[in-house]
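User: Hi! Could you walk me through this model while I look at it?
Analyst: Happy to, here it is.

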Amino acid sequence: MRGDSCVACAGRIVLQAKESAARNLARQLSSRSRYPVMYRLIAGLSLCAACLERLPVIGDEICEQCGREYAADRLCQDCHKITGETIQNNRSLLRYNEWGKDLLGTYKYRGEERLAAFYAKLLTMVVYRYHAETSFDCIATVPLHEQRLQERGFNQVDLLAKRLGADIGVPVRSLLLRTKRTAKLSQQAGRSARVESMDGAFSWAGEGLGQAGKGSFRILLLDDIYTTGSTLRSCAKTIREHAGPHSHIYSITIYR
């Protein structure tokens, strides 16, 4: 991909045309006080004006817990069914559609560096949209199982976390290890199978968190996509068991 080409369609980025689309999206996603930083983030995305206008951005009416676009009630039907929630809330920027599936697959399995920068900027936009006033102690990521890490050659979320941490000034810590290899989501038969597969899938690493269990930490847990939330909740459960019951764990993802 050329530096002046769109990461989504490979077309040429015309800055004059893109400016109007960037301003409109910045107004949609931020308050007046946060507009300048949001505009700079959007203007820095490697997207042409047409693709920027087609971004499947999640609207303002969402489930308060999982961040899914939802207008019927405070909580969506899935979140109403959850007991013993371990995450304060999840927030995402984009709806997961075929466009997102194709682009995310390119990043995960081809390791396209420009997409790492692109996705990290989207996550920074999530933080400024939903957590501009929240102070986090650290960023943690969902780890890959060792065998899957060998297959891919890198953990795509770790790369995003480093860039996000630099953008918002929050350190990245390796808090978890993946001890159980689970089947891909597409190979699991429904929500209950996903929840069951995540049971006991992570163990504590606890790098650099200080005196775990001795205080109250605010931790930003990072993944690329929230589907059922079972992976993130399993991670949060393990973190809470070791960081202490008064710790607050928030998750953000690119897609929901």
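**Chatting through the fold**

User: Start with contacts. Of those between residues at least 6 apart in sequence, what share joins residues at least 24 apart?
Analyst: In the protein chain that share is 75%, where contact means heavy atoms within 4.5 Å. Keep in mind that this is a predicted model, where local features need pLDDT of at least 70 and side-chain atom pairs count only at pLDDT 80 or more, while totals for chains, interfaces and linings use all residues. Residues are numbered from 1 along each chain as its sequence is written, and side-chain values use heavy atoms, with hydrogens and water left out.

User: Good to know. How many helices and strands are there?
Analyst: The protein chain has ten helices and six strands. These are DSSP runs numbered from the N terminus, with helices being H or I of at least four residues and strands being E of at least two.

User: And why does the radius of gyration agree with a compact globule?
Analyst: Because a compact globule of 256 residues would come out near 18 Å, and the protein chain has 18 Å. The radius is taken over C-alpha atoms, and the globule rule is 2.2 Å times the number of residues to the power 0.38. Along the principal axes, the C-alpha atoms fill a box of roughly 50 × 40 × 40 Å.

User: What percentage of the residues is buried?
Analyst: Of the 256 residues, 50% count as buried. Buried means under 20% relative accessible area, exposed over 50%, and partly exposed in between, with a 1.4 Å probe and protein chains only.

User: What does Ile42 touch?
Analyst: Leaving out residues up to four places away in sequence, Ile42 touches Lys18, Ala22, Leu25, Ala26, Leu29, Leu52 and Met125.

User: Switching over to Ala140: buried or exposed?
Analyst: Buried, because its relative accessible area is 1%. Ala140 lies in strand 2 (residues 138-141). Not counting residues up to four places away in sequence, Ala140 touches Arg173, Leu175, Ile219, Leu220, Leu221 and Leu222.

User: Where is Glu207?
Analyst: Glu207 is in the loop between strand 4 (202-204) and strand 5 (218-225). At 44% relative accessibility, Glu207 counts as partly exposed. Beyond its neighbours within four places in sequence, Glu207 is in contact with Arg173, Ser174 and Leu175.

User: Another loop one: where is Asn89?
Analyst: Asn89 is in the loop between helix 4 (77-80) and strand 1 (90-94), and at 14% relative accessibility Asn89 counts as buried. Its contacts, apart from neighbours within four places in sequence, are Glu64, Gln65, His131, Ile249, Tyr250 and Ser251.

User: Last one: what is the phi of Ala10?
Analyst: It is near 70 degrees, a positive value in a residue other than glycine. Most residues other than glycine have a negative phi. Ala10 is in the segment before helix 1 (15-29).
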